[in-house]
Structure formats: structure tokens, C-alpha cells
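Visitor: I'm new to reading structures like this one. Could you walk me through it, one feature at a time?

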Amino acid sequence: MKNIRILFLYPPEQSWSDTMVKPNGSLAYPYLGGALRDINVESYVYDACVGNDDDNLDNFFNKISELPSGMIRTGVSDERILEMASNYDAIGITSIFSQQETQVLNCAKIIKKKFPNKLLFSGGVNAKSRSSIFFAAGFDIIFTSESEIAIQQVAKIIQKNSNDFSKVGKIYFKNKDGKIIDNSHFGEILMDLDKLPIPAWELLPNKRYWKIRRPHGGKVQQGKELRYASMMTSRGCPFSCSYCHISEEIKGSKSGAIGKFRFKSDDRVIEELTILKNKIGAKQVFIEDDSIFGMKRRAIRLLKRIVGFGLDLMDVNGINIIHLVKKSNKPGWMVPDEEVIELLSEVGFKEIVLPFESANPRIIKKWCSNKLALDRFNSEDLIKAIKKYKLYVGTNYMIGFPDESRKEIEATVNFAKKMQQHGSDHSNFYLVMPVPGTPIFDYCIKNKHLPLDYNPDRFQWTKANLLNTPVTPYELEKIRDKAWNDCNSEKFKQLRRSWIAGSTSKFTTK
Ligand code: B12
Ligand code: SF4
């Protein structure tokens, strides 16, 4: 059996000059590295956006280098990427972000050209949805789902010096004749999340991430030590929003039933938090669950166990408004759930982000899983209840759905202004950005809101890309920019501007 070494590469980041750049650092590699560790296969994570101890961050992180698309590239040179790749038998490149696709493809092309015999593989929702483009760029295997099991199977085949992947499920692969074989119809998905490997967080360049101080979200307090890490206590979600990558992942799909809500046991979560605290040295933990309150009673029980654990928990991702309210005596009417809000503050939350999405019940119903429209609760009361526990409140809105009228967009912007008056500390406005792998993307292609040759470099929530919309793309961008300017304080705007690509404010967040 051959001794093999696998490199997991996060490509350089690309971003528009008015947006902030954050290193990827997502959980795929800790999980995959953990899976390989469990079968004694060595792996290494190299984040080309921030480099490793052999790279001087000052030489590239804040140095603007413009790409042909007009975007800014942040990361080490191509030569450095090739130098890293030279030491490994196989190289994996994650592609969960469609807007980073060009960088992934570029890495694949340069690596394959220089090292045609090294195995190149990718995974993540974007890779799965755009597999033909990925194969054309030089990839040999595309993983189509959660891959902790499949990566072990592939590693064992490489150890045998073979390239016959015909028995590995949940992948597409190029066979020896160059034909693409689709094995997505078989292969195991873990329903019991306690069977997942313990993530190998130590593979990430944590110290670099902490120095750069650009976590998933939240108010980064000046002077306060930031030692953050991410974890997931569950996977999947009970909802199925049109813009979400898991909403159509059911039994029989290319990925299998990964949309189904699954969770780790309380003991397993405590075990992972203990590792993060004692071994990784984390002080803040971002819970990246798609829906931590997917089973509300379980989440409350779990969070109660974590109170006093010595870590600040944060979540910018998986809390829906419906989880922060509860039924009242008035049929159909919801009121703030103070037990949950108080618990979140006790467990270390400093901030809650309210994803209002839209002020229009029609939009919530058609595009956002009909989660909770504004006619069923008082949003002012909710903000007040959160503020009572001295929590910072962010609010998120989406505008520019394919059929959204000007009046509806205005209603959302006016609602955001009202929420600001009621105490919302910041408001973010996202232009609808249909990405491959989501139902709204398929809808937009079918209904000619997106051209067949759409450009993923344009995928950006500040950019309007849809065609044939009631409000023109140009106007939409203007409305978004103005809403953001009108609904945020100067202090917040300054903070966000200090994070943009090429910002001269080195590694600080003023
Ligand atoms: C955390 C997170 C972020 C963080 C990541 C940093 C961090 N600190 O973790 C940050 C803040 C950077 C971020 C930003 C954005 N995000 Co985000 N994010 C996530 C989130 C919630 C979790 C990612 C994660 O850790 N997943 C857990 C791992 C285990 O799952 P996984 O990545 O799918 O990996 C598994 C498989 O896919 C596969 N796999 C994945 N990669 C690879 C690679 C190889 C080699 C192999 C073999 C297998 C493999 O195996 C893995 C293990 O099972 C996901 C949603 C989600 N549930 O994944 C959204 C998600 C990735 N984000 C999304 C979006 C849209 C964004 C933003 C555009 C949001 C915004 N408006 O700004 C930006 C884009 C950033 C950019 N650089 O371009 C979308 C992407 C959709 C798309 N097609 O592009 C997702 C899918 C959410 C959604 N439901 O729509 N995000
Ligand atoms: S609530 Fe969030 S995770 Fe769940 S389907 Fe909607 S977007 Fe996806």
C-alpha cells in the first residue's frame, strides 16, 4: 500500500472592490481531514487567501491585484500554490461559493497543467451543480454530497495505486477513457451525525484567521481578543426556501437526503466544544447549523447545558424569526419567546440577526418557505424583547425577487427604516442572487431571468443580475445602496468599509 498525502486547498478569494474579503475557512476541510485522520491518511489544509507560516501576510493580503473581471484577488501567487501542490499526491479544492468559482477553476487549470498525474477533486454545492465546467478545467472527481465516507473510499483506492473509482458512490468521475461516470445514485449519507468524524480544526490556519479578525459576522470589539472557530450541532433544515442549496435535497436527488434535519447528541456537542476550548484555544464559537432550532426543544435543552461553559456562542446563520416567537392566546398570533432569547444571551450571544427577508407576505409565501410573515407577529415587540437582554440586533432583508414589484420593494425598505427606529442596530439588504443548486436558479433559467451563459463572477448580493424584472437591474442596485446608506449608522458603515478588499486599515476593524 502506498503512503499518500492529500492537500485541501482554499483558493485565493475574489471580491468586488466595494465588498469585504473574508477567508473561506468553512467546515468541509476539518470534517474531511478528520475522516482521513481516522484511516491514518495524512492531509494538510492550505488557505491560499491567507497562506501559512512560510508566507508573509503583509506581502499580499492587503495588496490589490485586479483580475480581468475587474474583481480584486486576495491571496498568494499562483507559483506559491503550485509549490504547495507539488508535495502532495492528490489535491482537493472546495467549491461551496459560486462567486468564487473562477478562482477554483484557475487553481485546477494551473495545477493540472503543471502536474497532469496528480488527482484533482472537488466538492460542494457549486462543484456538484457545475460539474461539466469543472471536469473541463481538469478535475478528475466531483463529490456530489456530504463526503466524509466517499473521501475515505477514494483515499483507499489511491493508496492501492488504482484509479478505478467505479464502486464509490455520490461522486462523478472521469474514467480511464476520459468518460464522465455518474455514481451519484448510490452511496451512504450519514443520518446519525454522531458517526461523523470529529472535525480536525487544527488543520485550519486559525492563528492567521484570528489575526485578520474577519469572522462570519458580529460586532468585532476593538481590543478584545478574537479566537473564533465554527462548529455545527446539526445538518439540514425543516424549511425549503427557493434560494437555498439544500431545499431540494431529498432521497433520490444527486446529493441524497441531506436537506433532512439531523442532529448530534448533546454529549457529542459538548465533546466538540471541549476540544474547541481546550485544544484549539477558541473563545468564540460560531454555530453554523442551517437551523439550530430545527427541533426547538432539543436546542433549548442543549443550550441550557452549554450555559457557563466558558465559550461565547454566536450564530449569524441558522436562526429564523419563527424560532424567536411562540404561540399566544390569540389564535395564529405569535409573541416573543423570552425563554429562548434569555437563553441565547446566557449562552454568550452578543448579537441576534433577524432575517426578516421581506415585508411582503406574498414574497414570504412564494419564495421563502412561507416561514413567518409580518402579519402574524409584532416585529417591534420582538426587537424590544431582544434589546431587553442587551443584545445587539442586526436585520437582514432581501429585495429584487424575479416578480417583485417596486411597491413591494419600497415596503421592505420602509419596514427596515421603521425597525431602525425601533432599535435595530444595523440593516443589510441583499439583492436576490440565484446560485446554481437552488430552485430559484432553475426558475430563473427556465423563465429567462438569467441567460444560459450567465457569469458567476457577477454573483454578488450587491449586484442585480436578473433579466426581465419589474424593476430594472440598474435601479435595483441604486435602491439597495441607498437603503443600506439610509438605514445604517456612520459607525457601522465605517466598520464595514474597513473590511473591504484592499482596505488600507491593516487587520483592524475600526
Ligand atoms: C459558514 C458559511 C459561510 C462563512 C464561511 C467562513 C466560516 N467561518 O465558516 C462565510 C461568512 C465566509 C460565508 C459567506 C458567504 N456565504 Co456562506 N455559508 C456558510 C455555511 C452556513 C456553512 C459552511 C460550512 O461550513 N458547511 C459545513 C460543511 C461540512 O458542509 P459543506 O461545505 O457542504 O461540505 C461538505 C460537502 O459539500 C462536501 N465538500 C465540500 N467541499 C468539498 C471539497 C472536497 C475536496 C470534497 C471531497 C468534498 C467537499 O464534503 C463536505 C463534508 O461533508 C453554508 C451553508 C452550509 N450548510 O454549508 C453557507 C453557504 C456556503 N454560503 C452561501 C452564500 C450564498 C454565502 C455568501 C454569498 C453570503 C453573502 N450574502 O455574503 C458569502 C459568499 C462568500 C464568498 N467568499 O464568496 C451559500 C452558497 C451557495 C452558492 N452556490 O454559492 C451557502 C451554501 C448557504 C445557502 N444555503 O445558500 N458563508
Ligand atoms: S431556512 Fe435557511 S437553511 Fe432552511 S431552507 Fe431556508 S435558507 Fe435553507
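Visitor: What share of the contacts in the chain, counting a separation of 6 or more, comes from residues 24 or more positions apart?

Guide: This is a predicted model, so keep that in mind as we go. Here 74% of those contacts are between residues 24 or more positions apart.

Visitor: How many helices and strands does the chain have?

Guide: There are 16 helices and 20 strands in the chain.

Visitor: Now the sheets. How do I read one, and what is the strand order in the sheet with β18?

Guide: The general idea is that strands of a sheet pair through backbone hydrogen bonds, either parallel or antiparallel. In this case, an open sheet of 3 strands runs β18-β19-β20, with parallel pairing. β18 (351–357) and β20 (426–431) are at the edges with a single partner strand each, so one side of each has no neighbour in the sheet. On average, neighbouring strands here are turned by 20 degrees against each other, ignoring direction.

Visitor: How many bridges join β19 to β20?

Guide: Strand β19, residues 392–399, is joined to β20 by 6 bridges. One spot to look for is Asn396, which stands opposite Asn428 in β20.

Visitor: Which strands does helix α13 touch?

Guide: Helix α13, residues 406–421, packs on this sheet and touches β18, β19 and β20. The direction of α13 makes about 175 degrees with that of β19.

Visitor: What is the pairing in the sheet with β2, parallel or antiparallel?

Guide: That open sheet has 3 strands in the order β2-β5-β4, and the pairing is antiparallel. The edge strands, β2 (13–15) and β4 (65–66), pair on one side only. Between β4 and strand β5 (residues 72–74) there are 2 bridges, and Ser65 has Arg73 in β5 as its bridge partner.

Visitor: Last one: which residues are around ligand 2?

Guide: You'll find Cys237, Phe239, Ser240, Cys241, Tyr243, Cys244, Asp290 and Asn320 around ligand 2. Sorted by class, that shell has 5 nonpolar, 2 polar and 1 charged residues.

Conventions. Residues numbered from 1 in each chain as written. Chains lettered and ligands numbered in written order. Predicted model: local features only at pLDDT ≥ 70, side-chain atom pairs only at ≥ 80, totals over all residues. Heavy atoms only, no water. Pairing = 2+ DSSP bridges. Helix = DSSP H or I, 4+ residues; strand = E, 2+ residues; numbered from the N terminus. Axes fitted to C-alpha atoms, helices over the stretch in contact; angles between N-to-C directions. Contact = heavy atoms within 4.5 Å. Near = heavy atom within 4 Å. Nonpolar A, V, L, I, M, F, W, Y, C, P; charged D, E, K, R; others polar.
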